[in-house]
Amino acid sequence: MVLAQAGAEVRATLRNGEQLLLTLVIPVLLLVGFSVAPLIDVGGGSRVEFLTPGVLALAVMSTAFTGQAIATGFERRYGVLKRLGATPLSRAGLLLGKTLAVLAVELLQVVVIVAVALALGWRPQGSFATAVLLLLLGTAAFSGLGLLMAGTLRAEATLAAANLVYLVLLGAGGVMFPLSKFPDSVRPVLELLPISALTGGLRAVLTGGAALPLGALALLAAWAVVSLGLASRTFRWE
């Protein structure tokens, strides 16, 4: 039942043009466009090496946070979650199915983004296992935030807020621009954001060859624990 639910979630995501644009098309276009055209100053070095870790982090955020928040919010509004709760599939099974669906979509995103980046000349360094750990912790953190938003706000408010947060974090989370470009007064705050931790951690591993970025891992773990804890306490199924 869990696998069937996960499959249904994946098919719904891939059939939704808006979700597909958000989760796959936009990250790839950003990677190709800003890697090929010198539109941004990445502080020296290869643009594709700077951008690829950030685009991977953006893909995780788009699926685990933005897409999941919007889809779950409207499922709650239209009573889909209530009807699913009346089936033999338990609530824990439903959440597990959603989690597996998010991971499946993210796997597709990573494969496509990495393939495009390699074609553009990207040569990753560092530990693949550490990069996967960062992606999993980032997924947990953003999933918690997405479910927290979807379980407390109206569907329309979730739609607006999730897209707004996506745009803000895209611009201010170190994805496209180095955090060193921001004023010193706001940089410490930006460095505490989950997207900044995920982007910085992936960049340290895949570009800098770092073994274990403990600061980024600890920050993502803290976001995951807090967001999932709050979501479990406040989520409304109806």
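## Overall fold and helix packing

In the protein chain, among contacts between residues at least 6 apart in sequence, 80% join residues at least 24 apart. The model is a predicted one. Its secondary structure consists of ten helices and zero strands, and the pattern along the sequence reads α-α-α-α-α-α-α-α-α-α.

The C-alpha trace of the protein chain spans about 55 × 40 × 30 Å along its principal axes. A compact globule with 238 residues would have a radius of gyration near 18 Å, and the protein chain agrees with this because its own value is 18 Å. Of the 238 residues, 45% count as buried.

| Helix pair | Axis distance | Crossing angle |
|---|---|---|
| H2 (residues 17–36) and H3 (residues 47–77) | within 9 Å | roughly 165° |
| H9 (residues 194–206) and H10 (residues 214–234) | within 9 Å | roughly 145° |
| H6 (residues 128–152) and H10 | 8 Å | about 30° |

**Helices H2 and H3.** The axes of H2 and H3 cross at roughly 165°. Angles over 145 degrees count as roughly antiparallel, and H2 is therefore roughly antiparallel to H3. The crossing of these two helices is right-handed. On the side of H2, the residues in contact include Leu 22, Leu 30, Leu 31 and Phe 34, while those of H3 include Val 48, Leu 51, Val 55 and Ile 70. Sorted by class, the contact of H2 with H3 has eleven nonpolar, eight polar and one charged residues.

**Helices H6 and H10.** What is the relative direction of H6 and H10? The two helices pack at an angle of about 30°. Angles under 35 degrees count as roughly parallel, and H6 and H10 are therefore roughly parallel to each other. H6 passes H10 in a left-handed crossing. Among the residues of H6 that take part are Leu 133, Leu 137, Ala 141, Gly 144 and Leu 148, and they belong to a contact in which H10 supplies, among others, Leu 217, Leu 220, Ala 224 and Leu 228. The contact of H6 with H10 has 17 nonpolar, six polar and no charged residues.

**Helices H9 and H10.** H9 also passes H10 in a left-handed crossing. Here Pro 194, Ala 197, Leu 198 and Gly 201 of H9 meet Ala 216, Leu 219, Leu 220 and Trp 223 of H10. These residues divide into seven nonpolar, one polar and no charged. Ala 216, Leu 220 and Trp 223 of H10 are also listed in the contact with H6.

## Two single residues

Leu 20 lies in helix H2. Is Leu 20 buried or partly exposed? Its relative accessible area is 27%, and Leu 20 therefore counts as partly exposed. Apart from its neighbours within four places in sequence, Leu 20 is in contact with Thr 13, Leu 14 and Val 25. Leu 20 and Leu 81 are 61 residues apart in sequence, and their C-alpha atoms are 22 Å apart in space.

Pro 183 is placed in the loop between helix H7 (155–172) and helix H8 (187–190). Pro 183 counts as partly exposed because its relative accessibility is 48%. Along the chain, Pro 183 and Pro 38 are 145 residues apart, and a distance of 23 Å separates their C-alpha atoms.

Definitions and conventions:
Residues are numbered from 1 along each chain as its sequence is written. This is a predicted model: local features need pLDDT of at least 70, side-chain atom pairs count only at pLDDT 80 or more; totals for chains, interfaces and linings use all residues. Side-chain values use heavy atoms; hydrogens and water are left out. Axes are lines fitted to C-alpha atoms, for helices over the stretch in contact, and angles run from 0 to 180 degrees between N-to-C directions. Helices (H or I, at least four residues) and strands (E, at least two) are DSSP runs, numbered from the N terminus. Angles under 35 degrees count as roughly parallel, over 145 as roughly antiparallel, 65 to 115 as roughly perpendicular and the rest as oblique. A crossing is left-handed if the near helix is turned anticlockwise from the far one by less than a right angle, and right-handed if clockwise. Contact means heavy atoms within 4.5 Å. Ala, Val, Leu, Ile, Met, Phe, Trp, Tyr, Cys and Pro count as nonpolar, Asp, Glu, Lys and Arg as charged, and the others, Gly among them, as polar. The radius of gyration is taken over C-alpha atoms; the globule rule is 2.2 Å times the number of residues to the power 0.38. Buried means under 20% relative accessible area, exposed over 50%, partly exposed in between (1.4 Å probe, protein chains only).
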